[in-house]
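Hello,

Here is the structure we talked about. Please open it, keep it on screen, and read the notes below alongside it.

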Amino acid sequence: MLRHFSTLSPVVTMSQEVPAERTFPDGFRWGTATAAFQIEGAVNEDGRGTSIWDTFVRTSDQMLVDDNADVADDHYHRYREDVALMKSLGTSTYRFSISWPRIFPEGTGQPNQKGLDFYNRLVDELLANGIEPFATLYHWDLPQALQDRGGWENRHTAQAFAEYAGFIAEHLSDRVRHLFTINEGSLVVGNGYGNGTFAPGLILPAAQLNQVRHHVILAHGLAVQAIRAGGGSDTKVGPAENFNVVAPVIETPENVRAAEVALRELNAGYLTAILEGAYPGAYLEAAGPDAPRFTDNDMHTIGSPVDFVGVNIYMVNQYVRATEAEPGYEVIPFSASHPLAAIWHRITPESLYWGPKLLHDVWNPQEIYVTENGCSTSDQVAVNGSVNDTDRVTFLRSYLGQLQRATAEGVPVRGYFLWSLLDNFEWLFGYSNRFGIHHVDFETQKRTPKLSASYYREIIRRNAVV
């Protein structure tokens with residue numbers, strides 16, 4: 001049952017002292033985030049298998065640029081240099097993803113020891129520099145061998161993922177104590193199988209698409225169980241989802257309650273199912289004959305208890321207001337868009353307040369991590385070689401101010417992972433979109449800290465919005 005209450009902020013009067021800095025809780029984890037396919041390169045080295053994105057960048061007409069990730073940031077060879085960049089920032093954590101085809105080139109079967117060796121080296125380097133590793137098991141790079149057998153359309157892929165997750169837990173959880181299962185399952189499904197803009201580039205009818213969605217969240221649940229079985233007793237596990245962030249268009253008690261209802265309904269096929277162990281009735285009713293096929297045991301598995309919830313938050317997806325008619329809210333269309341260099345990105349700082357706030361109010365997770373947040377900017381390199389990305393600094397200041405509001409009100413956000421440590425391969429956009437706080441010259445692989453890196457370092461040093 002949803003809990004309803006007002007979140008109206010108190011009015012600050014002139015007699016009240018306004019702090020010069022807006023601090024975060026003691027022990028708040030500050031980090032950066034990356035993904036294997038976007039930074040590692042070395043796609044044909046040390047036994048790595050082919051992923052669906054290796055195939056997609058070479059064969060799909062959806063790619064907006066003629067780029068590939070064969071080298072990317074060459075992180076596979078330069079990881080020590082990149083860990084040194086993290087240390088210079090003062091970060092205490094790092095979220096990276098493990099390349100499934102680097103561990104299991106065929107998706108299942110015989111593991112590739114050289115692939116595991118790389119992540120052992122990376123983890124040890126992080127720990128030697130006082131940086132806690134947080135690992136994501138799936139950030140979109142499905143082994144092509146599994147796609148050849150149906151990919152996420154095939155229920156067996158969910159079981160294969162669980163076997164891979166259990167293997168990683170068995171071999172890394174002595175040092176990696178936080179594991180994210182699937183990154184942005186909604187995009188894996190919607191873009192990969194719904195509109196064809198992401199690998200594997202399929203456009204499926206509704207019934208098949210809903211079944212793919214079910215297989216993806218089933219994979220999450222099976223992985224949670226495998227990690228519990230194969231990992232250490234102190235291993236923690238949870239999802240990393242770019243859920244539909246809902247916000248009240250005007251902050252009134254009625255609109256806040258409507259936003260709670262909307263959050264649950266608009267995330268029915270992903271977070272709602274995972275955190276409640278059931279599909280909402282309205283979701284199944286709307287799907288009708290196209291609803292996914294599932295068993296009670298499936299839903300029990302999908303609802304396996306998690307230790308935390310990771311959320312990727314870039315913007316408000318829907319503003320809502322209360323209505324008397326069912327379902328109790330209406331979505332307010334956006335009248336304008338204010339993108340930076342990424343054309344999909346609306347700038348809505350309040351998303352970093354309402355996202356965690358409503359997530360906590362509706363489902364009450366005891367630990368929340370903002371697993372991605374950041375922006376792409378123009379990043380012009382000055383004559384002296386500096387990158388004065390003041391637009392990114394402004395972005396971070398405004399967004400983190402909203403996150404601090406949430407933590408000050410008791411929302412249990414335990415950490416923030418800035419996307420991204422480095423400029424990298426940005427999927428359809430290749431190297432044309434730069435999300436990093438370190439500029440990368442992709443010809444020379446030179447890393448240059450941007451102004452935003454200095455700003456983020458100061459935030460970390462003070463544990464406050466500067």
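This is a predicted model: local features need pLDDT of at least 70, side-chain atom pairs count only at pLDDT 80 or more; totals for chains, interfaces and linings use all residues.

**Glu 153 and its surroundings**

Glu 153 counts as partly exposed, because its relative accessibility is 33%. It sits in the loop between helix H6 (144-147) and helix H7 (156-172). Which residues does Glu 153 touch, leaving out those up to four places away in sequence? They are Tyr 193, Leu 202, Leu 204, Gln 208, Val 212 and His 215. Glu 153 and Asn 210 are 57 residues apart in sequence. In space, their C-alpha atoms are 9.7 Å apart.

The average pLDDT of the chain is 94. Of the residues, 94% score at least 70. Residues 1-18 have a pLDDT below 50. That stretch has 29 contacts in the model beyond near neighbours in sequence.

**The cores**

In soluble globular proteins, nonpolar side chains tend to be buried together. Now look at this chain. The largest nonpolar core has 133 residues. Those with the most contacts inside it are Trp 53, Ile 98, Trp 100, Trp 152, Phe 161 and Tyr 416. Which helix gives the largest share of this core? Helix H9 (residues 206-230) does, with 11 residues.

There is also a second, separate core of 12 residues. Phe 180, Ala 240, Ala 342 and Trp 419 are among them.

Go back to Ile 98 for a moment. Setting aside residues up to four places away in sequence, Ile 98 touches Ala 36, Ile 103, Tyr 119, Ala 135, Thr 136, Leu 137, Asp 141, Tyr 164, Ile 168 and Leu 172.

**The largest pocket**

How much space lies in the largest pocket? About 820 Å³. Its lining is made of 36 residues. Nearest the centre of the pocket lie Glu 184, Leu 187, Asn 191, Asn 242 and Trp 344. By class, the lining has 18 nonpolar, 13 polar and 5 charged residues.

Helix H8 (185-194) and helix H11 (268-276) each supply at least two residues of this lining. The largest share, 4 residues, comes from H8.

H11 deserves a look of its own. This helix is mostly covered, with 7 of its 9 residues buried. The buried residues are Ala 268, Gly 269, Tyr 270, Leu 271, Thr 272, Ala 273 and Ile 274. Gly 277 follows H11 and has a positive phi, near 70 degrees.

**Backbone details**

Where are the cis peptide bonds to look at? One runs from Ala 199 to Pro 200, with omega near 10 degrees. Pro 200 is in the loop between H8 and H9. Another joins Trp 419 and Ser 420, with omega about 10 degrees. Ser 420 is in the loop between strand S12 (413-419) and strand S13 (438-441). Trp 419 came up above too, as one of the residues in the second core.

Next, positive phi angles. Asp 74 is not a glycine, yet its phi is positive, about 55 degrees. You will find Asp 74 in the loop between helix H2 (52-59) and helix H3 (75-89). Is Asp 74 buried or exposed? It is buried, because its relative accessible area is 14%, and the cut-off for buried is under 20%.

Asn 463 is also a residue other than glycine with a positive phi, near 55 degrees. Asn 463 lies in the loop between helix H16 (451-462) and strand S15 (464-465). With a relative accessible area of 15%, Asn 463 is buried.

**Val 65**

One last stop. Val 65 is in the loop between H2 and H3. At a relative accessible area of 27%, Val 65 is partly exposed. Beyond residues up to four places away in sequence, Val 65 touches Leu 428, Phe 429, Gly 430 and Ser 432.

Best wishes

Methods. Residues are numbered from 1 along each chain as its sequence is written. Side-chain values use heavy atoms; hydrogens and water are left out. A nonpolar core is a set of buried Ala, Val, Leu, Ile, Met, Phe, Trp, Tyr and Cys residues joined through side-chain atoms within 4.5 Å. Buried means under 20% relative accessible area, exposed over 50%, partly exposed in between (1.4 Å probe, protein chains only). Contact means heavy atoms within 4.5 Å. On a 1 Å grid over the protein atoms alone, a cavity is a set of points where a 1.4 Å probe fits but cannot get out, and a pocket is an open set with protein on both sides within 12 Å along at least five of seven lines; lining residues have an atom within 4 Å of a point. Grid points are joined across faces, edges and corners, and a volume is the space filled by probe spheres set on the points. Ala, Val, Leu, Ile, Met, Phe, Trp, Tyr, Cys and Pro count as nonpolar, Asp, Glu, Lys and Arg as charged, and the others, Gly among them, as polar. pLDDT is the predictor's confidence in each residue, from 0 to 100.
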